[in-house]
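Welcome! Here is a short briefing to read with the model open beside you.

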Amino acid sequence: MIAEILTLGGLGALASLGLGLAAKKFHVDVDPRITEIDNALPHAQCGACGYPGCMPFAEAVVAGEAPLAGCTVGGASVARAVAAIMGRTIEVPDERLVSRILCKGDCEKAVTKFDYEGADDCNAAVLVAGGNKSCVYGCLGLASCVKACPFDAMYMSPFGIPVVIEERCTGCTLCVEPCPKDLVVMIPETSRVVVECKSHDKGAVTKKGCEVGCTACNACVKICPYDAITLDENVAVIDPKKCTNCGLCIPICPTDSITDFRWGLQKAEIYDPCTGCQICAKVCPTDAIKGDLKMLHVVDLGKCISCGICVERCPVEGAMAMVDMTRLVQKPPILVPAPGAKAQPKPGSSPKVSASAS
């Protein structure tokens with residue numbers, strides 16, 4: 001019995017010695033910066049950086065093969081932390097990017113050419129005559145972008161259009177590439193007024209195919225006081241650098257192509273220092289301010305669209321201000337359809353076309 005114990009103990013000691021020598025011989029020094037960068041990353045393991053995980057990305061950064069700001073999920077703070085570990089500085093905008101869907105043409109508002117029967121994927125559907133939507137630029141509604149999101153920040157509405165849950169969106173951009181129509185874009189979180197259409201057809205053609213398509217009527221371009229809206233190939237485009245989210249373009253759009261994301265609006269209020277000069281009433285584009293000359297004026301909150309032009313033009317300090325009105329304007333709840341729920345198109349006699357159609 002003792003001999004067996006000594007034999008096993010000797011074998012264990014010999015194995016330990018061999019492993020120790022092997023570890024010493026084949027030891028590879030690991031750059032401590034790799035561990036530091038890995039600790040600074042959010043560890044979402046989403047692959048948005050182009051690497052299979054956070055540690056491979058950290059190794060690539062140290063090797064000079066990945067950009068310092070390659071972690072889109074971590075944002076500006078992580079990018080600066082990574083740069084600091086690498087002994088460098090980096091200019092990264094603090095503004096968070098979120099995804100937007102540049103199409104509102106769901107199955108209630110967009111005309112369909114046929115009923116698609118095939119693979120439940122937008123990239124497969126687009127191979128069949130460019131998709132079943134009459135608008136060749138429209139969303140196909142098969143949720144390829146939603147399936148690509150690893151953060152459950154998107155879902156399909158009951159009417160077959162993707163919806164972004166802004167609070168969950170990390171700006172990882174993984175939803176962008178799966179869309180064959182290039183309708184998923186990343187824009188600054190502060191851009192609260194968005195033209196959700198990408199049709200480049202002429203107005204008459206767009207109108208026939210979709211109730212909410214931009215017809216390039218030019219009304220939004222004319223009313224914008226900041227020259228933030230231009231027409232680009234028959235569709236209105238808003239420059240986020242110029243747009244102040246005043247909202248003047250929203251009610252004037254005849255097809256409702258412009259979406260208002262301005263939850264928690266601030267509205268104008270007038271205080272006692274008001275001299276009744278009537279300048280605010282004259283510049284108000286919605287006639288929301290009333291008052292007699294040299295008398296305290298009043299703002300009609302129902303008409304105020306939060307543009308802030310009146311506050312900018314008021315010559316009396318302390319007479320006007322934009323006030324948080326979230327108590328009056330509440331964000332609608334997020335309604336997520338039950339798993340497996342599919343949108344039902346409007347009744348019609350569209351022919352059925354399978355994915356194998358030529």
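The points below go from the whole chain to a few local spots.

Please keep in mind that this is a predicted model. Its protein chain has 358 residues, 39% of which count as buried, and it holds 11 helices and 14 strands.

**The chain as a whole**

- The accessible surface of the protein chain is about 20,100 Å², and carbon and sulfur atoms account for 58% of that area.
- If you take the contacts between residues at least 6 apart in sequence, 61% of them join residues at least 24 apart.

**Around Glu166**

- Glu166 sits in the loop that runs between strand 4 (162-164) and strand 5 (184-188).
- Is Glu166 buried or exposed? Its relative accessible area is 11%, and because buried means under 20%, Glu166 counts as buried.
- The side chain of Glu166 has a polar contact, at 2.8 Å, with the side chain of Arg192.
- Leaving aside residues up to four places away in sequence, Glu166 touches Arg96, Val98, Arg100, Glu189 and Arg192.
- One of these neighbours, Arg100, also lies over the face of Phe261, at 3.8 Å from the ring centre.

**An aromatic pair**

- How many aromatic pairs does a search of the whole structure find? The search finds 1.
- That pair is made by the rings of Tyr51 and Phe57, whose centres are 6.2 Å apart; their planes meet at 55°, so the pair is tilted.
- Tyr51 is partly exposed, with 23% relative accessibility.
- Phe57 is buried, with 2% relative accessibility.

- Which residues of helix 2 (residues 32-40) are buried? They are Ile34, Ile37 and Asp38.
- These three cover an arc of only 100° around the axis, so they lie on the same side of helix 2.
- As background, an α-helix has 3.6 residues a turn, so residues three or four places apart point the same way.
- The cover over the buried residues of helix 2 includes helix 3 (54-62) and helix 4 (75-85).
- Pro32 and Asn39 are the exposed residues on the face of helix 2 that is turned away from its buried side.

How values were computed: Residues are numbered from 1 along each chain as its sequence is written. This is a predicted model: local features need pLDDT of at least 70, side-chain atom pairs count only at pLDDT 80 or more; totals for chains, interfaces and linings use all residues. Side-chain values use heavy atoms; hydrogens and water are left out. Helices (H or I, at least four residues) and strands (E, at least two) are DSSP runs, numbered from the N terminus. Buried means under 20% relative accessible area, exposed over 50%, partly exposed in between (1.4 Å probe, protein chains only). Contact means heavy atoms within 4.5 Å. Accessible areas come from the Shrake-Rupley method with a 1.4 Å probe; for residues, only the protein chains shown count as cover. A polar contact is a pair of N or O atoms within 3.5 Å; within protein, one must be able to donate a hydrogen and the other to accept it, and residues adjacent in sequence count only if both atoms are side-chain atoms. Rings of Phe, Tyr and Trp (its six-membered ring) pair if their centres lie within 6.5 Å; planes under 30 degrees apart count as stacked, over 60 as edge-to-face and the rest as tilted. A charge sits over a ring if NZ of Lys or CZ of Arg is within 6 Å of the ring centre and within 35 degrees of the ring normal. The arc is that of the directions from the helix axis to the C-beta atoms.
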